[in-house]
Amino acid sequence: MHDPFYDLFPRPPEPDWRSGELALFTIDMQYMDAHPDGWMGRVARSLGRDDLLMQRYEAIERILPRIRELQDAFRARGHEVVHVRIAYRTQDGREAGRAFMPSPHAQSVPREPRDDEILPEVAPAGDELVFSKTSSSVFSTTDVERVLWNLGVRHLVFTGLVTDGCVELSARDASDRGFAVTLVEDACCASTPEGHANAIERMTDGGFIVSVSTEQALRRLDEIQTPLAEATSVG
């Protein structure tokens, strides 16, 4: 739903895509919540409610190749590729905030080591950064902000899941901290199409967070001009 407050002001311009300032973020694409054999899928099966996550896993299958295409494109052009996952220090995750996870005593299905692993289709390559969080937003329980500023990264491009949860909260926190934020709409997903669409609408309403398609993101990468200093050194 549109907030008419934003009609009082000019819409902010979309952020420039600049060499050296970009990072692609992949949020929570791990076995725990992104694979039917992960912890979330095992919980659903134990309750006889696999149907609750059917749309989620179908959406994940659709976005996986898009995320990988974006990762490969960012890598090929020398931009940072960043991975974010949920990973606990304790076996039952009791150190996580209750707003993020149910009580460790509320669910008897144990977690397994593979739950922390990022799906192989979109796994880290080389020394790419991996941040392990125990909160919805990566900014709440990691040092990601300090690292990004050290790297000179000023523009974050988000993919992953879920759009109306960890993606949204991470994107909003990034915007609040002064980063330019772009969502790749068809490379994010939620447990339902309605939840995904509603989150995109909310986040982009004021224009402070921008939404593009995978095709548009790849086109913007191709349009980035090589900085003069780099062009001179290469020549």
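Is Asp28 buried or exposed? Asp28 counts as buried, with a relative accessibility of 1% (buried means under 20% relative accessible area, exposed over 50%, and partly exposed in between, using a 1.4 Å probe and protein chains only). Keep in mind that this is a predicted model, where local features need pLDDT of at least 70, side-chain atom pairs count only at pLDDT 80 or more, and totals for chains, interfaces and linings use all residues. Residues are numbered from 1 along each chain as its sequence is written, and side-chain values use heavy atoms, with hydrogens and water left out.

**The chain overall**

- The chain has nine helices and six strands (DSSP runs numbered from the N terminus, with helices being H or I of at least four residues and strands E of at least two).
- Its radius of gyration is 18 Å, close to the 18 Å from the globule rule for 235 residues, so the chain is as compact as a globular protein of that length (the radius is taken over C-alpha atoms, and the rule is 2.2 Å times the number of residues to the power 0.38).
- Along its principal axes, the C-alpha trace spans about 60 × 45 × 30 Å.
- Of the 235 residues, 46% are buried.
- Among contacts with a separation of 6 or more, 78% come from residues 24 or more positions apart (contact means heavy atoms within 4.5 Å).

**Charge**

- There are 25 positive and 39 negative side chains, and the centres of the two sets lie 4 Å apart (Lys and Arg count as positive, Asp and Glu as negative, while His and the chain ends are not counted; each charge is placed at NZ of Lys, CZ of Arg, CG of Asp or CD of Glu).

**Backbone spots to look at**

- Asp28 sits in the loop between β1 (22-27) and α1 (31-34), and its phi is near 55°, a positive value in a residue other than glycine.
- Leu161 and Val162 are joined by a cis peptide bond, with omega about -10°.
- Val162 is in the loop between β4 (155-161) and α6 (163-176).

**Around Thr142**

- Thr142 is found in the loop between α4 (138-141) and α5 (144-151), and it is buried at 19% relative accessible area.
- A polar atom of the Thr142 side chain lies 2.7 Å from the backbone oxygen of Val138, and the Thr142 side chain also reaches the backbone nitrogen of Val144 at 3.2 Å.
- Leaving out residues up to four places away in sequence, Thr142 touches Phe131, Ser132 and Lys133.

How values were computed. Polar contact = N/O pair within 3.5 Å; in protein donor to acceptor, adjacent residues only side chain to side chain.
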